[in-house]
Amino acid sequence: MLGPPGSGKGTQAKLIKAKFNIPHISTGILLREDISAGTELGILANKFMEIGELVPDEVILKMVETILDDEENKSSFIFDGFPRTIPQSEGFDKILSNRNLTLDHVVNIEVLEDEVVNRLSSRWSCPNCDSVYNTISKQPDVAGICDVCGSELNQRDDDKPKTVRNRLSVYFKQTEPLIDFYKNKGLLRTVSGDGGHNSVFDRILGEFSKLDN
Ligand code: AMP
């Protein structure tokens with residue numbers, strides 16, 4: 001899943017997971033789990049995440065390899081928020097070919113920059129189950145409480161306005177070049193991120209079905 005922060009990658013990955021029963025691997029969620037657990041990796045990653053920078057490629061690639069080793073009996077995965085740089089995508093190619101796996105689709109969700117800033121500054125997340133809410137478009141049933149697990153919602157540190165601007169400039173500089181990288185490989189499935197989650201999901205399914213025909 002490719003797209004700027006706030007484009008809805010995580011939400012769409014969860015919908016794809018539910019429909020096709022494919023494990024969802026979000027490097028952002030894994031890193032936040034490590035930060036909460038206070039691991040060495042979490043302490044290192046937090047230094048980059050709290051200022052909206054990317055965690056170093058070699059750390060991320062090692063983490064992805066470990067996950068795939070843990071899930072060696074599975075053959076399909078949805079990667080959300082990975083790869084995020086050209087060196088990560090090159091490393092990813094090697095990791096996949098070592099395991100006889102192939103990359104089938106790169107779903108690229110397009111959202112304009114101003115919309116992303118609006119979305120992220122009104123986004124609240126559940127620190128326990130990572131459900132995502134929005135104070136404008138998707139309020140929880142009880143204000144400030146997660147509908148799924150009942151935990152208190154909070155705003156991610158990196159969703160605060162100054163960090164959001166930096167995450168976006170990091171996206172344009174380091175991640176956007178992946179669009180051409182995957183277009184050239186014939187793997188890019190670009191959809192508009194406008195509208196509700198279900199409309200975006202329908203567009204993604206439409207892209208998949210075009211390829212089945
Ligand atoms: P996300 O939840 O995908 O928005 O990721 C939150 C933050 O985690 C990012 O701003 C980065 O600091 C870090 N992060 C997540 N995935 C990666 C990745 N593939 N490469 C480097 N940093 C990452």
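I take a polar contact to be a pair of N or O atoms within 3.5 Å. I apply this to a predicted model.

Entry 1: I looked up which arginine side chains reach oxygen atoms of the ligand. For R32, a polar side-chain atom lies 2.9 Å from a ligand oxygen. For R84, the corresponding separation is 3.0 Å, and for R156 I read 3.3 Å. I then checked how far the protein covers the ligand: taken alone, the ligand exposes 480 Å², of which the protein buries 96%.

**Entry 2: ligand shell.** I found 16 residues around the ligand, and T27, R32, E53, G81 and Q88 come nearest. Sorted by class, I note 6 nonpolar, 4 polar and 6 charged residues in this shell.

**Entry 3: cysteines.** I searched the whole structure for disulfides and found 0. I then looked at C126, which is in no disulfide; its nearest cysteine sulfur belongs to C149 and is 3.5 Å away.

Entry 4: Is C126 buried or exposed? I record C126 as buried because its relative accessibility is 1%, the cut-off for buried being under 20%. I also record C146 as buried, because its relative accessible area is 3%.

Conventions: Residues numbered from 1 in each chain as written. Predicted model: local features only at pLDDT ≥ 70, side-chain atom pairs only at ≥ 80, totals over all residues. Heavy atoms only, no water. Disulfide = S-S within 2.5 Å. Buried < 20%, exposed > 50% of the residue type's maximum accessible area, 1.4 Å probe, protein only. Near = heavy atom within 4 Å. Polar contact = N/O pair within 3.5 Å; in protein donor to acceptor, adjacent residues only side chain to side chain. Areas by Shrake-Rupley, 256 points an atom, 1.4 Å probe, with all protein chains shown as cover. Nonpolar A, V, L, I, M, F, W, Y, C, P; charged D, E, K, R; others polar.
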